Amino acid sequence: MNRRQMLKSLALCGGVAATGLPKLVKAKSKTVSAVNYKALFEKALKENPKLIGYSGVEHDLMSENLVIEGRLPMDLRGHFYRNGPARLERGEVRYQHLFEGDGMVHDFAIANGKIHHRGKFIQTNKYKAEQAAEEFLFSGPDTRLQNSLAITKADDINVANTSILPVGGDLWALWEAGSATRLDRSSLDYRGQVKLGEQTAAGSSLAGMPFSAHPKVMPEGDIWNFGYNSTGHIIVYHLNSQGRLLNFKVVNTQFTGGMLHDFLVTQNHVLLILPSIKQNGGNQGYFAQLGFAPEQPLEVLVLDKTHMAVQRRYELDPAFVFHFGNAWEDNQGNIRMDASLYPHLDVLHKLSDLMAGKLPKEETNAQPTLITLYKNGKVDTQAFKIVSEFPRVLPQTTGHKNQHLYFLSSGQNAVWHDTICQLNVDNGKLNQFQFGDDFIVEEHVPFSPSGKENKAYLIGTALHVPTKRSCLNVFDANALQNGPVCRAWLPYYLPLGFHGHFQQA
Amino acid sequence: MKHLLLMTIFAIATGKSYAQNHSLEFSINSVNSDKGKLYVQLFKGEDNFKKGAPHAAQIMPARKGNTLLVFSNLTPGEYAVRFFHDENNDGKMSTNLFGIPSEGYGFSNNAQPVMAPPSYQDSKFTITSDTKVTQNSSDVIY
C-alpha cells in the first residue's frame with residue numbers, strides 16, 4: 001500500500017455521502033424541543049374518538065378464534081400479513097410524524113374455518129434498545145430528541161414499519177430508507193437486516209442501501225424494487241423469488257425531491273415516476289421541509305429491464321403521488337399505468353398534523369388516474385372524480401393487463417377512508433361498499449385462489465371506533481356492494497397501519 | 001550535535017521540554033475483528049484536515065479490542081485524527097453504492113457523524129506546550 005492510495009482511502013472518511021435522511025441536530029437532553037405533541041394529541045383524542053387509531057399500542061397482541069360473522073370461504077386459506085407504525089409514544093415523547101413509529105407486523109392465520117391473530121413488534125436493534133431504556137433514544141426524521149444517540153447510517157433508525165412481503169421461507173418487513181428486515185415466518189421473530197449483496201459479486205457495495213416498501217413481484221416470482229437517495233441516484237434491484245440478487249444498477253435521475261415511495265414494472269420495463277416535490281431545507285424535520293413544486297412536471301422514466309437504462313422520458317402535469325396500482329404494455333408498445341394523484345403535497349404534512357390531533361381544514365384527496373404513455377412520446381390521462389388511495393391489483397396481473405383496480409375511498413374527505421372500490425379500468429364501471437361513519441377502513445388486498453380476476457376476494461382490516469375494536473373483512477371482489485361475506489372481530493383495536501399481503505396456504 | 005546539546009541545556013534551564021518532544025497516544029477502541037488493517041491519519045490544523053493533507057499516518061494490523069498507537073515528535077498545536085478499519089484488506093475504505101461507509105471508521109474525540117462527517121471542530125484537540133503526552137481515543141463506528 002503506497003501513501004497515495006492510503007490518502008485516497010482515508011479521504012472517504014471525510015466524504016461520507018449525504019443520504020435521504022435528515023441532517024439531525026445533536027441536542028442536549030431527552031425531551032422534544034418543539035411543540036408537546038403528546039399533550040395536544042391526548043386533548044384532541046378526548047374530543048374526537050376516531051383518533052384512537054393513531055394512539056399506538058405498547059405490547060404485542062394475540063387473539064385466537066376470532067368471532068366470525070358470515071361465512072368464511074373454504075378456499076380462503078393462508079396468512080394475511082400487515083405492517084404499520086405501532087409504537088408512537090414513550091414516556092412524554094410522542095413522535096411528530098406517523099412514518100416514524102416502530103413497526104408491528106400482524107398475522108391473521110386463516111385455516112379450517114378459523115382465524116387467529118398475532119401482532120408483534122419488530123424487534124429491530126433500535127426497538128430493543130429503546131424498549132430496554134423505556135424511552136426513545138434516537139431522533140427520527142422529524143422528531144428531534146435532545147441527546148439523541150448517534151445515527152451514523154439510515155439502518156440505525158430503520159423502523160421496518162411500512163410493508164410486508166413473504167420471500168423464500170421468511171417475511172421481509174419493509175421500510176424505504178434502508179435495508180429490508182428479515183422475520184421468521186412462523187414466530188415473527190426478528191432475524192436481522194437483509195444483506196442483499198452477500199454471497200454475490202456485489203459484496204458490501206449494497207450494505208445498508210435503501211430498499212423501498214413497494215417491491216413488485218412478477219407472476220413468475222421475480223422481485224423488482226428500487227431504492228432512492230436524495231442526491232437523485234436510484235438503485236434498481238432484480239431478485240429471484242427467494243430474494244437472491246440477480247442484477248442491480250444505479251441510475252442518476254437527478255431527482256432531488258427528497259422522497260420516492262413507489263414505482264411500477266411492466267413485462268419489459270421499469271417505471272420510475274418522479275413526483276413534483278422539492279426539498280426546502282432549513283431546520284425543520286425531514287418530512288416537514290419537503291414541499292410541492294408546482295412548476296416541476298411529474299416525470300416518468302422508462303427503463304428496459306435487461307440493461308436498466310433509461311429509454312424514454314415523459315412529462316405529465318405537476319402532481320404528487322404515493323402509490324400506483326399497476327402498469328402493462330399494450331399490443332402497440334404503449335404503456336398503460338394508474339396512479340392515485342394528489343394536486344399537492346398536503347397529505348404528507350397531514351400525517352404530521354394527525355400526530356398532534358389536528359385534522360386538516362381542507363380536503364387532501366388523490367384521484368385514481370389512468371395514464372397512457374404512448375410510444376411516440378404523447379401522454380393521455382383520465383382522472384376519475386372519486387377519492388383514491390392504497391391502490392392494489394390482483395398479484396397475478398402485476399406487470400400485465402389488469403381489468404380491475406382496487407382502492408380505498410371516502411365520501412367525505414381522505415382523513416378517514418370509509419369505502420372500498422373496484423374500478424373496471426376497461427369501461428370505468430365502479431363497484432363500491434361504504435362501511436359507514438363508525439369505521440376507519442385500511443388497505444384491502446385482492447386475492448384469487450385460482451388466479452382469475454372473475455373469482456377473487458378482497459381482504460382487509462377496519463377499525464370500528466365506537467367499540468374500539470378492529471375487524472378483518474373478506475369480500476367477494478366482484479360483488480363489493482353486497483358487503484363482506486365474512487367479518488372477524490378482534491377484541492382490541494389495531495393501530496392504523498399501511499400495507500399488507502395475502503399469502504395462500 | 002552541538003545544536004542538540006544547546007537545545008537540551010536550554011530545555012533544562014527553562015524547565016520546558018524541547019518543542020518537538022510531544023507525543024499523542026491515540027486509542028482506537030472496539031475493533032470488531034483481527035481482519036485487515038487500521039489506517040490512521042493525524043492532521044495538524046483545520047486547513048490540512050479539510051485538504052486531507054496529513055501530518056503523519058500509520059498502518060497497522062487490526063486486533064480485536066482496543067489498539068493504542070503513538071505519534072511522536074509533535075509540536076504544540078491543534079490536531080485531529082481520522083481512521084478506518086480495512087477489514088477486507090483492499091487498501092481502501094469500502095462504501096456502498098451511495099457512498100455510505102461499509103467498513104468501520106472513526107474520528108478523534110469519538111466525534112460522531114450525523115448523516116455527514118464530523119466537523120473539524122468536533123474532532124480537534126490541542127497539544128499544549130506543558131503536556132508531554134496527550135491522550136485521545138475513539139470507538140470504531142461500524
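**Chain B, then chain A**

Analyst: Let's begin with chain B, which has three helices and eight strands. Keep in mind that the model is predicted.

User: What pattern does chain B follow along the sequence?

Analyst: Chain B reads α-β-β-α-β-β-β-β-α-β-β.

User: And how many residues of chain B count as buried, as a percentage?

Analyst: Chain B has 142 residues, and 34% of them count as buried.

User: What about contacts in chain B between residues at least 6 apart in sequence?

Analyst: Of those contacts, 70% join residues at least 24 apart.

User: Switching to chain A. What is its mean pLDDT?

Analyst: The mean pLDDT of chain A is 92. In that chain, 93% of the residues reach 70 or more. Residues 1-29 of chain A are another matter: there the pLDDT is below 50. The model still gives this stretch 88 contacts beyond near neighbours in sequence.

User: OK, sheets. Which strands make up the open sheet of four in chain A?

Analyst: The order is β8-β9-β10-β11 in chain A, and the pairing is antiparallel. β8 (163-167) and β11 (190-193) of chain A are the edge strands, so named here as each pairs on one side only. From one strand to the next, the twist averages 25 degrees.

User: How many bridges join β8(A) to β9 of chain A?

Analyst: Five bridges join β8(A) to β9, residues 170-174 of chain A. The two strands run antiparallel.

User: What stands opposite A:Ser163?

Analyst: That is A:Leu174, in β9(A).

Methods
Residues are numbered from 1 along each chain as its sequence is written. Chains are lettered from A and ligands numbered from 1 in the order in which they are written. This is a predicted model: local features need pLDDT of at least 70, side-chain atom pairs count only at pLDDT 80 or more; totals for chains, interfaces and linings use all residues. A residue is buried if 20 or more other C-beta atoms lie within 10 Å of its own, exposed if 12 or fewer, and partly exposed in between; C-beta atoms are placed from the backbone. Two residues are in contact if their C-beta atoms, placed from the backbone, lie within 7 Å. pLDDT is the predictor's confidence in each residue, from 0 to 100. Two strands pair if DSSP finds at least two bridges between them. Axes are lines fitted to C-alpha atoms, for helices over the stretch in contact, and angles run from 0 to 180 degrees between N-to-C directions.
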